Amino acid sequence: MTVQDVRAFNRFYTNVIGALDYSRQLYAPYTLTESRVLYELAHSPRTDAADLRGELSLDAGYLSRILNKFERDGLIERTASRQDPRRVRVTLTPRGRETAALLAERADESVGALLATVPAADRPRLSEAMRTVRTLLSDGRPPHRREDVLLREPGPGDLGWIVARNAAVYAAEYGFDASYEGLVARIVADFAEDHDPHLERVWIAELDGRPVGCVMCVRDDAPATARLRLLLVEPDARGLGIGDRLVSAVVDFARGAAYRDLVLWTNDVLTSARRLYQRHGFVLTAEKPHRSFGQDLNGQDWRLALAGEAE
């Protein structure tokens, strides 16, 4: 590969995504760089101007001009950082969040239209090629950040993915047999056939356009109680805080739905998951050895009180 090969690819790809006329591409008054700054403000905890400058490798003067424009447009507010008054904290206003969401929606539509031209059979190959480029050019750094992960509702095929990946991952890591796949299939089928969207929900964690994690919140038999089920993170996506975000999503949803308790059942061999539940305040309430999924296991019941202990 030569320098000219890389430059030719850059010219090709910037033309494909409309990078040179990004504002017209998205029907918005913001350039690609300005849209990227808005994206970082909407998705990253690093909201100091200095952090933004370092993350995006922007010249200080250029970033200042972008932020001045955003402030004039009512998209951001700038205040002195509480931790260090010398640093400037940048936060989106409600109008800024609406604008960032609109740009993200239009960008998704644009990329969706581009992918629609690629035959379905070729998309895995395209996805793998893009991951390869990111990995090889990441200079030894992890090619993904926590902010690259999207939590979304399931789309067509995602419920089937939950069954397939739970079966495959638990077989590979814990030796579970096909009876575990049957259990997961029944849980997913029950949700698909009959659920109340105000009280039950599924989340899919997506990275690079592919699902890499999932979790469910469903009604339990006990009154005012929700149950967390089928938490899973793909092995190659671990270390990005996906499990923590998925559990947080369930806890927040259950509180918003006015459940009093959130419960779950797991096995003590799932040590990473158990530590995660403990960090979120779940308390072990019971455990019992059992023979399931072709293994001798120790089952555990965990509970999180969402509205204080019952009197």
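**Figure 1. Arg-291 and Asp-296 meet through their side chains in a salt bridge, 3.2 Å from N to O.** A salt bridge is counted when a side-chain nitrogen of Lys or Arg lies within 4 Å of a carboxyl oxygen of Asp or Glu. Arg-291 is exposed at 56% relative accessibility, and Asp-296 is exposed at 62%. Residues are called buried under 20% relative accessible area, exposed over 50% and partly exposed in between (1.4 Å probe, protein chains only). The model is predicted, so local features need pLDDT of at least 70 and side-chain atom pairs count only at pLDDT 80 or more, while totals for chains, interfaces and linings use all residues. Residues are numbered from 1 along each chain as its sequence is written, and side-chain values use heavy atoms, with hydrogens and water left out.

**Figure 2. A salt bridge pairs Glu-34 with Lys-69.** Their closest N and O atoms are 3.2 Å apart. The pair links distant parts of the chain, with Glu-34 in helix H3 (residues 32-43) and Lys-69 in helix H5 (residues 60-72), 35 residues apart. Helices (H or I, at least four residues) and strands (E, at least two) are DSSP runs numbered from the N terminus. Glu-34 is buried, with a relative accessible area of 10%, whereas Lys-69 is partly exposed at 22%. The whole structure holds 14 salt bridges.

**Figure 3. Glu-200 forms a salt bridge with Arg-219.** The closest N and O atoms of this pair are 3.4 Å apart. Glu-200 lies in the loop between H9 and strand E4 (201-207) and Arg-219 in strand E5 (residues 210-219), so the pair ties together parts 19 residues apart in sequence. Glu-200 is buried at 8% relative accessibility, and Arg-219 is partly exposed at 42%.

**Figure 4. Helix H6 (residues 94-115) has 22 residues.** From first C-alpha to last, H6 reaches 31 Å, close to the 32 Å expected at 1.5 Å a residue; the expected span is 1.5 Å times one less than the number of residues. Gly-96, Thr-99, Ala-100 and Leu-103 are the buried residues of H6. Seen down the helix axis, these fall within an arc of 100 degrees, so they line one face of H6. The arc is taken from the directions between the helix axis and the C-beta atoms. Pro-94, Glu-98, Asp-108 and Glu-109 are exposed on the other side of H6.

**Figure 5. The second largest pocket contains about 830 Å³ of space.** Of its 38 lining residues, Tyr-170, Leu-231, Leu-270, Ala-273 and Tyr-277 are the closest to the centre. A pocket is an open set of points on a 1 Å grid over the protein atoms alone, where a 1.4 Å probe fits, with protein on both sides within 12 Å along at least five of seven lines; lining residues have an atom within 4 Å of a point. Points are joined across faces, edges and corners, and the volume is the space filled by probe spheres set on them. Elements supplying at least two lining residues each include helix H8 (158-174), strand E6 (225-233) and helix H11 (271-279). The lining has 23 nonpolar, 8 polar and 7 charged residues. Ala, Val, Leu, Ile, Met, Phe, Trp, Tyr, Cys and Pro count as nonpolar, Asp, Glu, Lys and Arg as charged, and the others, Gly among them, as polar.
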